[in-house]
Every structure is written in structure tokens, then in C-alpha cells.
Amino acid sequence: MGRTPKDTITIADVARAAEVSRATVSRVMNGRLSVAPEIVARVRAAAERLNYRPSDLARSLSLGRTNMVALVVPDLGNPLFQQILRGITNASAAAGYKVLVAETDEDPNAEASIAIEARRRCDALIMVSPRMDEDRLLELLPQVQPVILVNRKGPPEVSSVVVDYGRAVRIVVDHLVGLGHRRLAFLSGPAASASNVLRLKALEVAEREIPGLELVRLECGWSIEDGYAAVEPVLESQVTAVVAFNDLVAFGLLARLNEVGVAVPADLSVTGMDDIGLARFAVPSLTTVRVPQKDLGELAWQRLHAAIAGPEGEADAVPELRLAVRASTGPVPREPRSQGDASADRISWQQQGDIFELGSSAGLLARYEFGRRMPQVHAPRPYLHPVRTLGGHPLTEVSPVDHRHHYGVSLAVPQVNGTSHWGGRTYVRGHGPTLLTNHGQQRSRGVTVDDRELIDNITWYDEQGRPQLVERRRLTGDLAFGGWRLDWRSELTARYGPIRIESPATSGRDGAGYGGIFWRLPSGETTVLSADGCGLDAAAGSTSPWLAFVQGDVTLLLVQPDDVWPWFLRSEAYVGACPALAWDKPLTLQPNEELRLALAAVLLDRPVDAEEAKRLVGRL
């Protein structure tokens, strides 16, 4: 007998080779139990010899099912829907099913026909966030049974898996209110979205229940482009925080805010919804509500399969929603005061939730945060930001585009026994700046406040979580010279063994001896003054006891009141300075040896020249 090509083998060929009827071959291939074992063995041997594979289509027709399920989604470009699809695909594969996917392109008018056509080809239907109105949905559902809805409630007889987006948006609002925000904008999603309706209803309740809360509702959409286009109405609304319909909208909003020079969260806090995979990689990282996307898909399949395969049993509950707090939200910004209002009677520290604020009758002067929301690659540490003049002019910057790991005023050191407490890339001899996995963190063990003085007890840990140093930090504020004065004093003790502090300069990079009490200023045209002369070249590396930055009508005067370290500073690529602990050689501490650091700052709402700066330093 000549060899028959694989694709021409039929059930009749197998029947002839096994000397049985075609019906018997069909029963064997479909796993029926009514065939004698010896005949089953003979049929399977013949099928194997002929390399016969049954037709999926023919088998589906004979069994009355396709082992396929249809999934209809509004937009496959949305990562939320992609993750739901992944959950359904993974779960259904274990039951021997495949998934047919159809997209409606956010068109409510096309959904019914697409759903009916998809259902005809499959055993069941999953509809994710359908956009059609309630009457059309109720008309459609009986035509496509068995069916399950995801993120949309249907009639009682239709199963659904629904995230409580009303609860989700209230979680976000409560977080922002806790930070002091009272005027918020909501960037509304598609009008046909049921989850958008839930959000709007929850916002109405929040307005009634939270005293002083004002909500500005702005029509937006669901995409990155929609968020990008929403910046102008957001800024015109004069809100201090934005609740975006989803993370994609928040991404677009953040991108445009960055382009127009609005600092997030210093000027405006931004939140998203869903916590898609890219949310923590946004700039800054996005505060959002974690919606269990993949779990929704798995749960939808679990409930649908029960309807297909037999009586519905116990089904899992929708996983709990949680807030992912990241760098895009912060305390409500304070309005800058005019020069005429820049007056104060006294200065004091106050606790505000989980942060501390130094203020006066002139308003907020400094805010002390613990760095808990900083990404590990930035070397988390407590820091001051914003720090303002009495007139409200900011003199710190946090996580700027040029150096994301710069945070206001902090005790930042590139290398402590090889661990980075500076953040970002580390200079490696022969390789240049290199991103290493050596970032440590400084954790507050407890803060006490006594009027003008804040004391923070801090432990420094290496990248493995092992303690390196203990620090006692004192931050004091007082009025001075028509402005105000901030004093930073730290006592570091090598309690856990010997310490070696280094910088890129000690590893071969000339002039890069940074590391110490580092003050990052906003970028802008800056004049640098010092006892050794005017300009960057005169001050960099000098042991001048003081340094002044003049930016327009404001001045920051930095003074080393005790031991004088060489100054590390920049004024062009960015503006910042610190007394350098390892300017050109390492600094070592023996076990239990103590290192004392001090920096005084005078913040003025006026420019000064070198002579006035020298006089002010003499009066400190």
C-alpha cells in the first residue's frame, strides 16, 4: 500500500485499518466508555500507524461544543484589559479551553453585534466593561448565554465579577484629604463606562461627608492622550490634587505637567487607578489603587466554567483593593506670600500626620519627610522639602529630571563601607557612572519635637539590611536678619564597627568629592558668592566658612559653624552644595567613634552681595 500524506488521512481510513465501523472509531476518539478495551487498543494502534489526528472542528460538531470561550473588550491597548485577558487565558487553558478575543474599539453601538457573532463561534462569552446602555445590555444577555460580565453588574441571573470602583475612588480621596488637600479635580472616564458612574457616585458621597471638600469634575477619557490634553483645564481649575480615571490618564497628565514645568507633587498631587505594571515606573512613580487585574480574569473564568460544566459551586470573592502610595502625592502646597506679607512672630515645629512641618505666622517654612516612599534606587532617607523663605519662595528641589535621586536637604553620602546613601549611579573606576545594587537606607527610629527643635534618631542600613551607623539629628529654626535661620546638626556613631566614607573623587573622578549635608536648590540663574571670591571656580573645593546662592530676589546663605570641610557645589548643570566629607581622601571612623556635622542656613527674601554676606556670617 502506498504511503498516504498525513493531511489526507480520514476516520474512514482508520476504520478500514482497524476493521471496525467509522462510528466505533468516533466513539474511541471521543473517549466513550461503551467500546471494548481490545477494540479501543486496535483503533488507537491503527490511528497511530497512520498518523491520524481527529479534526477539532468535526469533534466539536459531534460533541456540540467548541472548547472555546469568547472575550469581548473595549480596547486591547489598555493594560488593565490585557491583564484580565491573561488571567482568563491561563485559567481556561487548564480546563482545555482556548480564548477568542474581540475588540469593540470603545464603540457602544458595535458591542451587541460583535458579542453575538463571537458567541456563535464559542461555548460561552465573557464581556469586560461593556459600554452599551442598560436597556441594550438587558436585551443582549439572553441571546448569548452562558455569559459573565466583568466590571459591570447585570441582572441577578447573570454572573458578574465587579470591582468596587466607588470604594477605590474613596480610598484615593481619603488619602489626599489626609495630606491636607481640599480642592480636587476628577478626570472623568468614558461616559458609557459603568465604573465611571460608580466613581462619580462615590465622589458625591465624599463631598457630603468630608467638610470643606470641593470636587471639580472635568470630562477627560481613558487614554494617555486624553490625560495629556487635560493639563490646561486642570491648571485653570486651581486644584491641588487630581484623581485620574485610570493610570493611563495619569501617565499623560504627568508627561504634560513635566513639559510645562509643574512639579509633582510639590505643586500638584496626581493619583491613578488600577496599578498597571508601568505605574511604579512613571515619573514620579504613581500613587494608585491596586486593582487585582489578573485575578479578575481568573475569577471570571472560574465562575463561567462552573456555568458551562455543571452546577455553580462556591466562588472566590473579588480580592481586596489596596492603595499603593508612591511619589506622585504629597502634602497640599502652600501659596507663596508677597514680600509685604513676609513677616513672622515666631517659628515652631508641628506634627502633621506622618510628617513634621516648621512654620510661623508667615506660613510653611520647611517640611520634614522620612523618605518612606522613595524608591530603593534613590537610597531612601529622611529629608527636608520644601524649604521656603518667609515670603514663600522655594529654595529646595526634590527628584528633579536631571538627578531623580536628589531630595531637598538630606544627609547623602555616596559610599559608606561600599553602600550608597546618595542614590542613583555610582562612579566605578574604569567604567564611569554605573548603576549598582548597593543602595542602603536611613530609617527614623523616633522623632521628638520641642518647639523650635526637632530631634530624629536614625539608623543607617546597608543594602543587605544590616545596620552601619546611628545618627542623632537636630533641626532648629529661628528668625534672623529679616528672614529665618535653619540649623542642621548630626552626630553619627560607628556603633556597629569601623566605617569608611568615600566619594567618586577618592575613586579617581576629579572634583566629584560630594557627600554630606547636601542642599539641592531649584534650577535657574544663580550667582555664587564665597569668602574666596565670586563664582563657581572660586568656591568649589575651597574651605570658605560660608557660601551664598543668589537667585533673583532671594538668597540662601550656607555657613559651616564648626569644622570647615571643602565645599562641593554645582551651579550650571544643576544648583546644589554640601560640605564634602571625602573631598579628596576617604574619611574613616573607628568602632564607636563619633562624627559631628553642622550646617546653618539663612534664607532671605532679598539678594545680598559678598560684603553683606560676610557681615551676616559674623553676626551668627
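**Pockets, cavities and helix packing**

Me: How do the residues lining the second largest pocket divide into nonpolar, polar and charged?
Reply: On a 1 Å grid over the protein atoms alone, a pocket is an open set of points with protein on both sides within 12 Å along at least five of seven lines, and lining residues have an atom within 4 Å of a point. Ala, Val, Leu, Ile, Met, Phe, Trp, Tyr, Cys and Pro count as nonpolar, Asp, Glu, Lys and Arg as charged, and the others, Gly among them, as polar. The lining of the second largest pocket divides into nine nonpolar, six polar and five charged residues.

Me: What is the mean pLDDT of the protein chain?
Reply: This is a predicted model, in which local features need pLDDT of at least 70 and side-chain atom pairs count only at pLDDT 80 or more, while totals for chains, interfaces and linings use all residues. Residues are numbered from 1 along each chain as its sequence is written, and side-chain values use heavy atoms, with hydrogens and water left out. pLDDT is the predictor's confidence in each residue, from 0 to 100. In the protein chain 92% of residues reach 70 or more, and the mean is 88.

Me: How many contacts beyond four places in sequence does the model have for residues 336-341?
Reply: Contact means heavy atoms within 4.5 Å. Where pLDDT is low, the predicted coordinates should not be read in detail. Over residues 311-315 pLDDT stays under 50, and the model has seven such contacts there. Over residues 336-341 pLDDT also stays under 50, and the number of contacts is 10.

Me: Which elements give two or more residues to the lining of the second largest pocket?
Reply: The second largest pocket holds about 440 Å³ of space, where a volume is the space filled by probe spheres set on grid points that are joined across faces, edges and corners. Of its 20 lining residues, His 403, His 405, Arg 425, Arg 509 and Tyr 514 are the closest to the centre. Helices (H or I, at least four residues) and strands (E, at least two) are DSSP runs, numbered from the N terminus. Two or more residues each come from β18 (426-428) and β30 (567-570).

Me: What is the volume of the largest cavity?
Reply: A cavity is a set of grid points where a 1.4 Å probe fits but cannot get out. By this rule there are four cavities of 30 Å³ or more. The largest cavity is lined by 15 residues, with Leu 80, Phe 81, Arg 131, Ser 195 and Phe 245 nearest its centre. Its volume is about 110 Å³.

Me: Which residues line the second largest cavity?
Reply: The second largest cavity has a volume of about 50 Å³. Its lining has six nonpolar residues, one polar and no charged. The residues are Gly 516, Ile 517, Trp 565, Pro 579, Leu 581, Leu 597 and Ala 598.

Me: At what angle do helix α2 and helix α3 pack?
Reply: Axes are lines fitted to C-alpha atoms, for helices over the stretch in contact, and angles run from 0 to 180 degrees between N-to-C directions. Angles of 65 to 115 degrees count as roughly perpendicular, and α2 and α3 are therefore roughly perpendicular to each other. Thr 24, Val 25, Val 28 and Met 29 in α2 meet Ile 39, Val 40, Val 43, Arg 44 and Ala 47 in α3. The axes of α2 (residues 22-29) and α3 (residues 37-50) are 10 Å apart, and the angle is about 90 degrees.

Methods:
Parallel < 35°, antiparallel > 145°, perpendicular 65-115°, else oblique.
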